[in-house]
Amino acid sequence: MLLVAACGKPASPPAGTPADSPATAASTDERTFTGDWTVTGNRRVQDLLPGQRAGIFQLSGSLLLNGKERLNRGFYAEAIGFSDTTTGMQGRSVWLDEHGDKVFSELSGEGIGPGQMIEGKFIGGTGRYAGISGEYSFKWQRLGAIEGDELAGRVVDLSGRARLGTANVVSPTAAGGPK
């Protein structure tokens, strides 16, 4: 009787693993997502030749992802970078989930002004995101006037895809670099 009852039950995930939790780093499935990221931060701008400006920025805030295949529901995300009217924008971002696992990405674009397309490329992660790859993009939208060096904004049209997989393990040499 117990055997019949046990065979009729659907398989459940292992204890401590909710059915809607992100995949582990051992999987290799591709995940698509959209999302919203609201940030505050600061910038410092230097005027150069006429019509040229360069600046550094640091932003942080809540990043919420949508979609059945999303990596996670939410992250605390930080970004730092450099923007120049001549060469464009380069930056780095770290997304931190509620378990302390991180996703790292490189950012690039023509600038960080309102409506500018910014592209992100996943370059790795920790914990469940070790070995992550993929890309995402968004446009920056300023919220309110800039007061001093302070910024407030959000991203629009955030969408991307990520592939979770096994991390490439590189053994360090005595000098700290890869073998």
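Trainee: Which strand is Glu 150 found in?

Mentor: Glu 150 sits in strand β8, which covers residues 150-163. Keep in mind that this is a predicted model.

Trainee: Is Glu 150 buried or exposed?

Mentor: Check the relative accessible area: over 50% counts as exposed. Glu 150 comes out at 56%, so it's exposed.

Trainee: What does Glu 150 touch, if I skip its neighbours within four places in sequence?

Mentor: With those set aside, Glu 150 is in contact with Gly 41 and Asn 42. Look at Asn 42 again: it's 108 residues away from Glu 150 along the chain, yet their C-alpha atoms are separated by 4.3 Å.

Trainee: Now pockets. How much space lies in the second largest pocket?

Mentor: Here's the general idea: rolling a probe the size of a water molecule over the atoms shows where empty space is left. In this model, the second largest pocket holds about 320 Å³. It's lined by 18 residues, and those closest to its centre are Arg 43, Val 45, Ser 83, Ile 112 and Gly 113.

Trainee: Which element gives the largest share of that lining?

Mentor: That's β2, with five residues. By class, the lining of this second largest pocket has eight nonpolar, five polar and five charged residues.

Key: Residues numbered from 1 in each chain as written. Predicted model: local features only at pLDDT ≥ 70, side-chain atom pairs only at ≥ 80, totals over all residues. Heavy atoms only, no water. 1 Å grid on protein atoms, 1.4 Å probe; cavity = no way out; pocket = protein on both sides within 12 Å on 5 of 7 lines; lining within 4 Å. Points joined across faces, edges and corners; volume = space filled by probe spheres on them. Helix = DSSP H or I, 4+ residues; strand = E, 2+ residues; numbered from the N terminus. Nonpolar A, V, L, I, M, F, W, Y, C, P; charged D, E, K, R; others polar. Buried < 20%, exposed > 50% of the residue type's maximum accessible area, 1.4 Å probe, protein only. Contact = heavy atoms within 4.5 Å.
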